Amino acid sequence: MNSLPARSETVGFVGLGAMGLPMAGHLAKAGFDVLAWNRGRAPLDAAVAAGCRAAGRPAEVAAGARTVVTMLPDLPQVRAVLAGPDGLLAGTDPAASDQAMNTLVVMGTVSPVAVRSLAEELRPRGVTVLDAPVSGGVTGARDATLSIMAGGARDAVERVRPYLTAMGSTVRRMGDTGAGSLAKACNQLVVAGTLVALSEAVVLGESGGLDPATLLQVLAGGLASSEVLTQKRHHLADSDFTPSGPARYLHKDLGFVLDSATDAHVELPLSTTVARLYAAVDDRGFGDLDNSVVLRLLREGNGPELPGRPRHTTPKD
């Protein structure tokens, strides 16, 4: 039987954004002693109000918690909080504290290739790196219903499982370090591809006089139904691109898909096309809008030039 951390054990948490703040709050609500740090003060105050303790700098978090969770946009931000005299690595000296960080759980969406490299770099420092990206968005973080895809050695994942189950309803170990991020890349590929397909359906339907809301309602009642359609239906029907998930993040994530494909020597033609569309979204300055804004790009006819576009011909009798 795997030993589980006591509910009173301290867990560090770095990154109190729209998702990180409720995730840290759920850890505290589950009875864990959460030592949190955030660059901005207001989210840290909110975390304290939710039952967490505040640290003055990342090094204090690492000195007081064996396990530290980061919920940051990408690995450059993780590396930034690891480095320097105030960084997490400055607090990992076992001579200074027997509670120092020995496990880093990266919960943001990052490159599977890059997180494996980070794990190799930190191993000589006595720090085990696990990747545990999530799916479910702000709603899942708020409701503790996230799907969490963990990568790392089996015993290491089991040690942190109680923390993960406090934040999500589905926790699966996908394999060794990097496997969680690879699963998330697959997830983002499906999300992006579905958004593009739905947007093209709306554009095609509009060209024939169909009402987008009515079309999407019919699609939602059949085989074309999906969680993406459920969550993005009003964005597409009403052309409301108020962000619930910024397009620039999906652009970043599709880069991880292509990096992973290159690393594995596999060809993903759909991924390549979808990634080019989201690159065009970002280039047009739409990156801070909702990721369904690809519909606007397609409506305006400003997508990338795609070679080999099939020409429709009417078959001869």
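Trainee: Which residue forms a salt bridge with D45?
Mentor: R41 does, and the closest N and O atoms are 2.9 Å apart. A salt bridge here is a side-chain nitrogen of Lys or Arg within 4 Å of a carboxyl oxygen of Asp or Glu. One caution: this is a predicted model, where local features need pLDDT of at least 70, side-chain atom pairs count only at pLDDT 80 or more, and totals for chains, interfaces and linings use all residues. Residues are numbered from 1 along each chain as its sequence is written, and side-chain values use heavy atoms, with hydrogens and water left out.

Trainee: Where do D45 and R41 sit relative to each other?
Mentor: Both are in helix α2, four residues apart, so about one helical turn separates them. Helices (H or I, at least four residues) and strands (E, at least two) are DSSP runs, numbered from the N terminus.

Trainee: Why does that spacing matter in a helix?
Mentor: An α-helix has 3.6 residues a turn, so residues three or four places apart point the same way.

Trainee: Is R41 buried or exposed?
Mentor: R41 is exposed, at 52% relative accessible area. D45 is partly exposed, at 40%. The cut-offs: buried is under 20% relative accessible area, exposed is over 50%, and partly exposed is in between (1.4 Å probe, protein chains only).

Trainee: How many salt bridges does the structure hold?
Mentor: There are 17. Among them is D86 with R57, at 3.1 Å from N to O. D86 is in the loop between α4 (75–82) and β5 (103–106), and R57 is in the loop between β3 (53–54) and α3 (58–64), so this pair ties together parts 29 residues apart in sequence. E60 joins in too: R57, E60 and D86 are linked in a network of salt bridges.

Trainee: New topic. Which residues touch the most other members of the largest nonpolar core?
Mentor: F13, M23, L27, V34, M107, I148 and L164, out of 33 residues in that core. α7 (154–167) gives the most to this core, with seven residues. A nonpolar core is a set of buried Ala, Val, Leu, Ile, Met, Phe, Trp, Tyr and Cys residues joined through side-chain atoms within 4.5 Å.

Trainee: What is L27 in contact with?
Mentor: Leaving aside neighbours within four places in sequence, L27 is in contact with V11, F13, F32, V34, Y163, A166 and M167. Contact means heavy atoms within 4.5 Å.

Trainee: How many residues of α1 are buried?
Mentor: Seven of its ten, so α1 is mostly covered. L27 is one of the buried ones, as are M23 and H26. The buried residues pack against β1, β2, β7 (134–135), α6 (137–143), β8 and α7. Just after α1, G31 takes a positive phi of about 105°.

Trainee: What about L289, where does that lie?
Mentor: In the loop between α12 and α13 (294–299). L289 is partly exposed, at 27% relative accessibility. L289 and D240 are 49 residues apart in sequence and 9.3 Å apart in space, C-alpha to C-alpha.

Trainee: Last one. What is the mean pLDDT of the chain?
Mentor: The mean is 92, and 91% of the residues reach 70 or more. pLDDT is the predictor's confidence in each residue, from 0 to 100. Over residues 306–317 it stays under 50, and the model has three contacts beyond four places in sequence for them.
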